[in-house]
Amino acid sequence: MSSVLLRADAFPDTFARAPIADEALAALTARLAATSADHDASGRFPHDNFALLHAEGLIAQVVPRDQGGGGATLAEARRIIAAVARGDAATALVLTMTYLQHRAIGRRDAHWPDAVRRTVFATAVKEGALINALRVEPELGSPARGGLPATIARRVEGGWRVSGHKLYTTGIPALRWLSVWARTDEPEPRVGIFLVPGPAAGTAGVSIIESWNHLGLRASGSHETVLDDIWIPASHAVDVRAPAAWAPAGASQADIDANADQQAWMIVLLGSLYDAVARAGFDWLRGFLRDRAPGSLGAPLATLPRVQEQVGEIAALLRTNAVLLDAAAEDADRGAARNTPGSAQDSGLLKFTVTGNAIRALELALQLSGNHGLSRHNPLERHYRDVLCSRVHTPQNDSILVAAGRAALEA
């Protein structure tokens, strides 16, 4: 792969300032795609992929420029995630989670202590360190649906000790930092984020239960994680508040706007990931239809009007996705992703539409390819399994549609 991207050890003032060339991203896609099927079949975490991403200066792209990172806009981050996902969806999911965390703690109004923020960013730039939020628990389920975490942060001299059990900790085999959602053991518990060093830091007390044996995104390392009385310094209680302060009614305007911006980034990056998976499947389908010439037909399947019509429908679905995602990224980058009436419903409907279109596109591709598309010798069935995972990301479809329906009926 030619070194078109700026390397992670480049002088920080010039690191990744130039837009990443399309040909460089295309080469990256091809390189990741070469091993994607093996990672899917084995379920092994693709450590080599993240070494490659770091070497090419991509892990720290969303880190602010004054911290040595790329300072990427959402539009640029979207291009990167799409290129990675087109090659290996599981790798793209882990990178997406790191990008979202870097965006959250890089905002000027973030509650994180400056020294801690600088440490996280420095490790991303210098080491390619990954970070993700650990929120879901066996008893709690998704925090987005309410409830206090069972994970406990106990105050001790000079810091905290954190214990708990988390599910779906994407990327855990390679995470340097864990942004842990926990409550304090105080008489009136506070709730918030505690920054815990992860397995990549060699932290004692972090154990991984390798329970991730999923239909799709099999190499994402989304296992369970157990935290056993892990000590962290006091400064690593990075954003801890009374529970009411986390509720929408208790949020400041700055927090409301930050949440809207974060939601926009999450929806666009996840939407770009699953749209890219559908495009990878579409790439394979077009080649198959051009090459496949049944003896009874005496010509490639691509010459049949019925086939052309269905391929046109796939193209329409993916074109709709491109327009919606590009517009949403542009809105966020110019500061339009703010808490305005209907913004939460709009972002949810964007996720519902884009991921639904991606799933539908691959369903049509499977119809056209028949047994060939379902064979593990070809990548289409893997892309379909991966794209189905889009349904489980917050917000889920039922929440999206209930909110949108209620708003429409009350308008």
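This passage describes the overall form of a predicted model and then several of its residues in their surroundings. Because the structure is predicted, local features need a pLDDT of at least 70 and side-chain atom pairs count only at pLDDT 80 or more, whereas totals for chains, interfaces and linings use all residues. Residues are numbered from 1 along each chain as its sequence is written, and side-chain values use heavy atoms, with hydrogens and water left out.

The chain contains 12 helices and 8 strands, where helices (H or I, at least four residues) and strands (E, at least two) are DSSP runs numbered from the N terminus. Its C-alpha atoms occupy a box of roughly 80 × 55 × 40 Å along the principal axes. For 411 residues, a compact globule would have a radius of gyration near 22 Å, and the 22 Å of the chain agrees with this value; the radius is taken over C-alpha atoms, and the globule rule is 2.2 Å times the number of residues to the power 0.38. Buried residues make up 51% of the 411 residues, where buried means under 20% relative accessible area, exposed means over 50%, and partly exposed lies in between (1.4 Å probe, protein chains only). Among contacts between residues at least 6 apart in sequence, 73% join residues at least 24 apart, a contact being heavy atoms within 4.5 Å.

The chain exposes about 18,100 Å², of which carbon and sulfur atoms supply 53%; accessible areas come from the Shrake-Rupley method with a 1.4 Å probe, and for residues only the protein chains shown count as cover. The mean positions of the 40 positive and 43 negative charges lie 2 Å apart, with Lys and Arg counted as positive, Asp and Glu as negative, and His and the chain ends not counted. The place of each charge is taken as NZ of Lys, CZ of Arg, CG of Asp or CD of Glu.

The loop between strand S6 (206-209) and strand S7 (223-233) holds Ser220, which is buried with a relative accessible area of 0%. Its side chain makes a polar contact of 3.4 Å with the side chain of Trp212; such a contact is a pair of N or O atoms within 3.5 Å in which, within protein, one must be able to donate a hydrogen and the other to accept it, and residues adjacent in sequence count only if both atoms are side-chain atoms. Beyond its neighbours within four places in sequence, Ser220 is in contact with residues including Phe45, Leu93, Val94 and Thr170. Leu217 lies in the loop between S6 and S7 as well, and although Leu217 is not a glycine, it has a positive phi of about 50°; at 4% relative accessibility, Leu217 counts as buried.

The C-alpha atoms of Ala90 and Leu217 are separated by 4.8 Å, although the two residues are 127 residues apart along the chain. Ala90 counts as buried at 6% relative accessibility.

In strand S7 itself, Thr225 is buried, with a relative accessible area of 0%. The side chains of Thr225 and Thr169 are joined by a polar contact of 2.8 Å, and the residues that Thr225 touches, leaving out those up to four places away in sequence, include Leu134, Gly164, Ile172 and Val206. Tyr168 lies in strand S3 (residues 159-169) and, although not a glycine, has a positive phi of about 55°; at 53% relative accessibility, Tyr168 counts as exposed.

Helix H2 (residues 47-55) includes Asp48, which counts as exposed at 64% relative accessibility, and also His54, which counts as buried at 18%. His54 and Gly128 are 74 residues apart in sequence but 5.0 Å apart in space, C-alpha to C-alpha, and the side chain of His54 reaches the backbone nitrogen of Gly128 at 3.3 Å. Finally, a cis peptide bond with an omega of about -5° joins Thr394 and Pro395, and Pro395 is found in the loop between helix H11 (380-388) and helix H12 (397-410).
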